[in-house]
Each structure stands twice: as C-alpha cells, then as structure tokens.
Amino acid sequence: MQTSEIKTIEYLRKLSTIYFTTLKPDNDKTKVNTAQIKFTNYYELGCTITEMLKLCILAQDYNSNKISETNKNKPIDVSAILEMVLEIFPLNEFEFLSDLSEMLAEDSNNVCE
C-alpha cells in the first residue's frame, strides 16, 4: 500500500473511534450490535416511556378532541408527518455508515492479529 493510502486508512480508523459510538458490538462474536439510551434511574426511564405514550395519545386524539379555536379546520395530520419523516430519514447514509464501520472493524482485527 502507498503511504497516502495508509494515512487515509489510519485517519478513517481514528475517525471511526471518535464517531462510531452509538452501536457497541456484542462480545459474543455474533456480529450483533447494541444501542443504549442512558437514564439516571428507573424512574427517569418510566417517565420517558410515559411521556412518549402521552405524545402518541395526544397526537391521535388531537384530531377529535384537542382542536384549538384558531385551527378548527386544520387538525394535525399525524400520518402525513410520519410519512415525511420516513421520506427524509437517511437510510442510505446509515447503510453506508454500517458498511464503513464493518470494514474498519475487520481491518482493525486484521491489524491486531
């Protein structure tokens, strides 16, 4: 390999240790990764789950029960919002990051052996 390629690979390896922190590989060699959400305690976790459920209920009930006086004719279209989120979700970019992460992990394992 040329010196510039080696520097590029080393730079990518350094970047991967800095930025690829959301998924942690399991130690059992199954190629399964774990993503964690950190909470202070079970109560905070419970409150977060409760608030997420309340948001879903409010979004569903808004059209029938929670229409404000100024927006009687324009209820929230939850389906349209969720469809838009799906359209703008960068799944291709996540696939690229997965491939790059796997490539760098394999390269790292080969260097260590």
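Visitor: Where is the place of Glu102?
Guide: In this predicted model, Glu102 sits in helix H4, residues 91-112, a helix being a DSSP run (H or I) of at least four residues, numbered from the N terminus. Residues are numbered from 1 along each chain as its sequence is written. Local features need pLDDT of at least 70, side-chain atom pairs count only at pLDDT 80 or more, totals for chains, interfaces and linings use all residues, and side-chain values use heavy atoms, with hydrogens and water left out.

Visitor: And is Glu102 buried, exposed or partly exposed?
Guide: Glu102 is partly exposed, at a relative accessible area of 47%, where buried means under 20%, exposed over 50% and partly exposed in between (1.4 Å probe, protein chains only).

Visitor: How many residues apart in sequence are Ile9 and Asp107, and how many Å in space?
Guide: Ile9 and Asp107 are separated by 98 residues in sequence, while their C-alpha atoms are 9.1 Å apart.

Visitor: What does the chain look like overall?
Guide: The chain has four helices and two strands, a strand being a DSSP run (E) of at least two residues, and along the sequence the pattern reads α-β-β-α-α-α.

Visitor: How much of the chain is buried?
Guide: Of the 113 residues in the chain, 5% are buried.

Visitor: What share of contacts joins residues 24 or more positions apart?
Guide: Among contacts with a separation of 6 or more, 31% are between residues 24 or more positions apart, contact meaning heavy atoms within 4.5 Å.
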